[in-house]
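Thank you all for coming; I would like to take you through one model this morning, and I will go slowly. Please have the sequence and the structure open as I speak.

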Amino acid sequence: MRIGLSEASRALRGAHAWRAMAARACGAMLLVCPVMAAAPTAPELPAITEKMFRCITQMTHVRHYYVDNLAGNLAGTVRAAESTTGEPYPVGSVVQLVPTEVMVKREKGFNAATRDWEFFELDVSADGSKIRTRGFVEVVNRFGGNCFACHIKAQSQWDMICDNSHGCDTIPLTRAMTGALQRTDPRCKNPVPPSPEDAAALAQLGAMLKAGAAGAAAAAKK
Ligand code: HEC
């Protein structure tokens, strides 16, 4: 039997109707459907370059840290950051406590071990940001600390965000120190001289790092 043009187009219309119906069903039931997997609504992240990192205080302030979203979903990121019970951060989330360390939530399925977080350590100056190192479980900051090893200790509902009560080992940075680092981010235009409190916190941090470096050097000599 030859298939006439009208039968072919009927079959095609049938297929379209089926796809539309499946799409509606998937949407209604919030199922992960193969039909929907390629839907254009999946957030697309642009390639992440150093140009995307900016003056920390121009990001959105949530409690004591700053957030952003590279996929246009700032509301979702703020909701996760403000949640009192914890929820996963949406794709595109950028989280920073200090100017030089960044966590970016990559596309779903990017890296199961880090729950799709990519870690960055930056060098920052008046000229902007340079990426010193980036990646997943292997990233080590300039003090020799592995980002993942610390952040994985956060209780699971916090999506690897440590804060000071989510189960991570504490770090010796006080809120006065991180606040002072935020307010003196060299990437920000029209920097103002640090307040006496910020200057004191930065001096204390400097002394702590110097003592740490001296301790490490002494240990290396042994
Ligand atoms: C020694 C453990 C340790 C290492 C190493 C470490 N962090 Fe953290 N990080 C913490 C803790 C603890 C906090 C929370 C501090 C606070 O809120 O007082 C934190 C805070 C943060 C925050 C703010 C959100 C949050 O989790 O509270 C970001 C973003 C972050 N770190 C990124 C990084 C990146 C990127 C690296 C590696 C380049 C890194 N960290 C290395 C322990 C660590």
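This is a predicted model: local features need pLDDT of at least 70, side-chain atom pairs count only at pLDDT 80 or more; totals for chains, interfaces and linings use all residues.

Residues are numbered from 1 along each chain as its sequence is written. Helices (H or I, at least four residues) and strands (E, at least two) are DSSP runs, numbered from the N terminus.

The sheet is open and has six strands, in the order β1-β2-β3-β4-β5-β6, with antiparallel pairing, where two strands pair if DSSP finds at least two bridges between them. Because β1 (60-62) and β6 (128-135) stand at the edges with a single partner strand each, one side of each is left without a neighbour in the sheet. From one strand to the next, the twist averages 30°, and angles here run from 0 to 180 degrees between N-to-C directions, with axes being lines fitted to C-alpha atoms, for helices over the stretch in contact.

Within this sheet, β4 and β5 pair in the antiparallel sense over five bridges, and E101 has E121 in β5 as its bridge partner. E121 in turn has T133 in β6 as a bridge partner, β5 and β6 being antiparallel and joined by seven bridges. These two strands, β5 and β6, form a hairpin with two residues between them, and S125 stands opposite G128 in β6.

Now to the ligand. Of the 25 residues around the ligand, those that come nearest are L97, G145, C147, C150 and C162, a residue being near if its C-beta atom, placed from the backbone, lies within 6 Å. The elements that give two or more residues to this shell are β3 (93-96), β4 (101-105), β5 (117-125) and α4 (147-151).

Finally, the helix pair: how do the axes of α5 and α6 cross? The axes of α5 (residues 175-183) and α6 (residues 196-221) come within 8 Å and cross at roughly 110°. That makes α5 roughly perpendicular to α6, on a scale where angles under 35 degrees count as roughly parallel, over 145 as roughly antiparallel, 65 to 115 as roughly perpendicular and the rest as oblique.
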